[in-house]
Amino acid sequence: MKKRSVFYIAFFACATLAISCLKDNDTEPMPLAGLTMINAFIEAPQGVLYEIDREPVPQQFYPLAYRSYGYINLFVGNSRGLEIYDAGNQTRLVDTSFAAKDSMLYSSIIYGTADNPLHFITEDHAPEDAGDPSTVAGVRFFNLANTTHRVSLRIGNNDPIPAFQDRPMDTPQSGKAHEDFVVVPSGTYELAIEDEDGEILVTRGDIALEEGSYTSVFLTGADSIDDSYYIGATRQPVN
């Protein structure tokens, strides 16, 4: 990790805002990709600062608060730089790049600890077996808590889906491996996270999983912090 001077931060006219205007005499829109940013990094109480190619994202997401998310449009490119900083002490937590392809949708997810910040990027697609994506609900689950527990996500009174069962804290590799959404019955549910012994760690009620919606559900918090477990539920666009 690397610190930078606070004087470096300046808000630019952000190229990541949705582009609606066309060049003179152009008849086709500017190629764009989309990025959902999810902050599950508990050790930055003032939030995190996302920058794309060293330019801040729009002000409403700068900083991005813990347990929150934001969406931006991006210019396409084979190597878009992505950096994430602790908003409080300016420590750089993530320094990476990724290919942003035209009309593709991605998620950037940050979690872990100050000593070991973790991050991965997903591609956000409707399930291949969904048929008409507008007629089903989709869910994917990540264990982003700083925990030694193996946890399962329970949706209402249903038994846990195998893909959401007995999950250790995700690594960037396992998080990426679980990027696919799973079709679930639509409805409004209480979500519960239980540990390997069947003990309920945390619940969250009235989560609407509507037809045509795709929701990333994640556990955040830390074993070392009392009452810190939290179930995030981020509804997001998919291809």
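**Entry 1**

By "buried" I mean under 20% relative accessible area, with exposed over 50% and partly exposed in between (1.4 Å probe, protein chains only).

Before going on, I noted the ground rules. This is a predicted model, where local features need pLDDT of at least 70 and side-chain atom pairs count only at pLDDT 80 or more, while totals for chains, interfaces and linings use all residues. Residues are numbered from 1 along each chain as its sequence is written, and side-chain values use heavy atoms, with hydrogens and water left out. Helices (H or I, at least four residues) and strands (E, at least two) are DSSP runs, numbered from the N terminus.

Next I asked which residue in strand 6 is the bridge partner of Leu49. I found Tyr85 there. Strand 6 (residues 77-86) pairs with strand 3 in the antiparallel sense over 5 bridges; two strands pair if DSSP finds at least two bridges between them.

Strand 4 (residues 55-56) also runs antiparallel to strand 3, joined to it by 2 bridges. I saw Ile52 standing opposite Glu55 of strand 4. These two strands form a hairpin with 2 residues between them, and Asp53 in the turn has a positive phi of about 50 degrees.

I then traced an open sheet of 4 strands, in the order 5-2-8-9, with mixed pairing. Its edge strands are strand 5 (69-75) and strand 9 (117-123), each pairing on one side only. From one strand to the next, the twist averages 20 degrees (axes are lines fitted to C-alpha atoms, for helices over the stretch in contact, and angles run from 0 to 180 degrees between N-to-C directions).

Strand 2 (residues 32-39) and strand 5 run antiparallel and are joined by 7 bridges. In that pairing, Thr36 stands opposite Tyr71 of strand 5.

**Entry 1: salt bridges**

Side chains of opposite charge can pair when their charged atoms come close. How many salt bridges does a search of the whole structure find? I got 10, counting a side-chain nitrogen of Lys or Arg within 4 Å of a carboxyl oxygen of Asp or Glu.

I looked at Arg150 and Asp166, whose closest N and O atoms are 3.2 Å apart. Arg150 lies in the loop between strand 10 (137-143) and strand 11 (152-155), and Asp166 in the loop between strand 11 and helix 1 (172-177), so this pair ties together parts that are 16 residues apart in sequence. Arg150 is partly exposed at 36% relative accessibility, and Asp166 is partly exposed at 39%.

Glu194 and Arg154 form another salt bridge, with the closest N and O atoms 3.2 Å apart. Glu194 is in strand 13 (residues 187-194) and Arg154 in strand 11, so to speak distant parts of the chain, 40 residues apart. Are these two partners buried or partly exposed? Glu194 is buried, with a relative accessible area of 13%, whereas Arg154 is partly exposed at 22%.

Glu210 and Arg235 meet through their side chains in a salt bridge (3.3 Å, N to O). This pair also links distant parts of the chain, 25 residues apart: Glu210 is in the loop between strand 14 (200-209) and strand 15 (214-220), and Arg235 is in strand 16 (residues 230-235). Glu210 is partly exposed at 42% relative accessible area, and Arg235 is partly exposed at 38%. I also noted that salt bridges with shared partners join Glu83, Arg92 and Asp95 into one network.

**Entry 2: Glu179**

I moved on to Glu179, in the loop between helix 1 and strand 12 (182-184). Glu179 is buried, with a relative accessible area of 13%. A polar atom of its side chain lies 2.9 Å from the backbone nitrogen of Glu123.

Which residues is Glu179 in contact with, leaving aside its neighbours within four places in sequence? I listed Thr122, Glu123, Arg140 and Phe142, where contact means heavy atoms within 4.5 Å.

**Entry 3: the whole chain**

To finish, I stepped back to the chain totals. The secondary structure comes to 1 helix and 16 strands. Of the 239 residues in the chain, 48% are buried. Among contacts between residues at least 6 apart in sequence, 66% join residues at least 24 apart. The chain exposes about 11,700 Å², and carbon and sulfur atoms supply 48% of that area; accessible areas come from the Shrake-Rupley method with a 1.4 Å probe, and for residues only the protein chains shown count as cover.

How values were computed. A polar contact is a pair of N or O atoms within 3.5 Å; within protein, one must be able to donate a hydrogen and the other to accept it, and residues adjacent in sequence count only if both atoms are side-chain atoms.
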